[in-house]
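Hi,

Here is the structure I promised to pass on.

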Amino acid sequence: MSLDLFRRKSVCTLIDNSRQSQGLKRELSVWDLTLLGIGAIIGTGVFVLTGTGALKAGPGLMVSFVIAGLACAFSALAYAEFASTVPVSGSVYTYSYVTLGELVAWIIGWDLVLEYLLAVSAVSSGWSGYFQSLLGGFGLNLPDVLRAAPGAVPSKTTLFNLPAFLIVMLITLLLSRGIKESKRVNNVMVLVKIVVVLLFILIGVFYVKPANWQPFAPFGAKGIFAAAAVVFFTYLGFDAVSTAAEEARDPARTLPRGLLYSLGVCTLLYMVVSAIMTGIIPYQQIRGHEDHPVSLALKIAGQNWFAAFVDIGAIVGMTTVMLVALYAQTRVAFAMSRDGLLPAWFSRVHEKYRTPYNVTWVLGIVAGLIGALVPISQIAELVNIGTLFAFIIVSISVIILRKTQPDLPRGFRCPAVPFVPAVSIVLCAFLMSQLMWITWATFLIWLTLGLIIYFTYSRKHSALNASKAQ
């Protein structure tokens, strides 16, 4: 019976089932997938966490982005091999199913639900803050009870973050209507925020004072590593590209390129933005303004008109992050439902829109309510630990699959296996060690809840269990 916990699916069965059991539209090109990745990555990180990171690392923040980017890059190579070999929805959940077995697949799928759910909720709260700031510029203000989650503002009576809830509902509606419509909106918004970032670089470079880069690492290597653990949040979601496997054209070719292109572009932009920002403003002056460091730097440079434009870019940027994170979450739950680990109702595809309509609305409403009712900053690190855990699992899986099925057709091969995946495991484990103990405790509680669900429902209803019974 214990062996049933590690029963595995074959790659051929997974691919055949994905072709026969659903009708998701293949609409995404390399361009679309690259913008999907950029949409997930550039948002809260570039507009907010650059400030938090600078207070920990000073100008050395640009090195922190390289460290965090390297952890993602090594993992991205493993993701790229799997995405080209097993072009099926579910991301690392599906990859672990064919290598490590059902129990591990359930654990990582349950982990991904937490990761994406809290990512949407956390970003919706930040989006609400920028949006309300923009409304305030026009003299429009919401009642205090609708401005934030209960207890989020100690000096005020707040009950419900209405803007956070409404933006998630709008994104849920868009995703439920179809991937074609969603990708068009995402592509436009991603291009807008890339233009904003590039304009910041082109304008800000003329106000850089090299003296502000001294000392480069005021808190030493410890500060740089601590900042790397924080700004890792900026890269969350690049793996969402792999969840689009069943809606990508020629996934064996397009998925690896989309993953690597988006990660490379974003790492370069993060480094340049952090260098210019800390060159314009001494990092010490960011304290108290961590929620809008980029626009603060422009105001100090006397570019108030463009600072307001950056705020709009931040709103657009965070919207795409939520869109991609919620999209990825629904596709993981869709794959788990199709495998019998979640109720079949979650994997039903809408006859007209060809989307997993039911699960999109369920998860969208839950994410919206969390963002509206919970001061999400208290548990935001859970997103980091969930993603790092997923990266470790996918790196282990690619080593195992290369050993157990060396002749399996691969559209992309991760170089230097097992060295590259091993480096990914070490880097991710190191960044996990930098997180607070309360984050670890909460994460373990979530996994324990998942195990209870697995042993009371999922194991008995697993599609593999049903096939064995026959």
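How many helices and strands does the secondary structure of the protein come to? The count is 17 helices and zero strands, where helices (H or I, at least four residues) and strands (E, at least two) are DSSP runs, numbered from the N terminus.

Before you dig in, a word on the source: this is a predicted model, so local features need pLDDT of at least 70 and side-chain atom pairs count only at pLDDT 80 or more, while totals for chains, interfaces and linings use all residues. Residues are numbered from 1 along each chain as its sequence is written, and side-chain values use heavy atoms, with hydrogens and water left out.

Overall, 59% of the 470 residues count as buried (under 20% relative accessible area, with exposed being over 50% and partly exposed in between, using a 1.4 Å probe and protein chains only). Contact here means heavy atoms within 4.5 Å. Of the contacts between residues at least 6 apart in sequence, 83% join residues at least 24 apart.

Next, two helix pairs. The axes of helix 5 (residues 92-99) and helix 6 (residues 102-136) come within 7 Å and cross at roughly 170°. Axes are lines fitted to C-alpha atoms, for helices over the stretch in contact, and angles run from 0 to 180 degrees between N-to-C directions. That makes helix 5 roughly antiparallel to helix 6 (angles over 145 degrees; under 35 is roughly parallel, 65 to 115 roughly perpendicular, and the rest oblique). Helix 5 contributes Val92, Tyr93, Ser96 and Tyr97 to the contact, while the helix 6 side includes Trp106 and Leu112.

Helix 12 (residues 304-338) and helix 13 (residues 357-373) pack at an angle of about 125°, with their axes 9 Å apart, which makes helix 12 oblique to helix 13. Leu326, Gln329, Thr330, Arg331 and Ala333 of helix 12 meet Val359, Thr360, Leu363 and Gly364 of helix 13.

Finally, look up valine 383, in helix 14 (residues 381-404). Valine 383 has 0% relative accessibility, so it counts as buried. The C-alpha atoms of valine 383 and alanine 122 are separated by 9.1 Å, though the two are 261 residues apart along the chain.

Cheers
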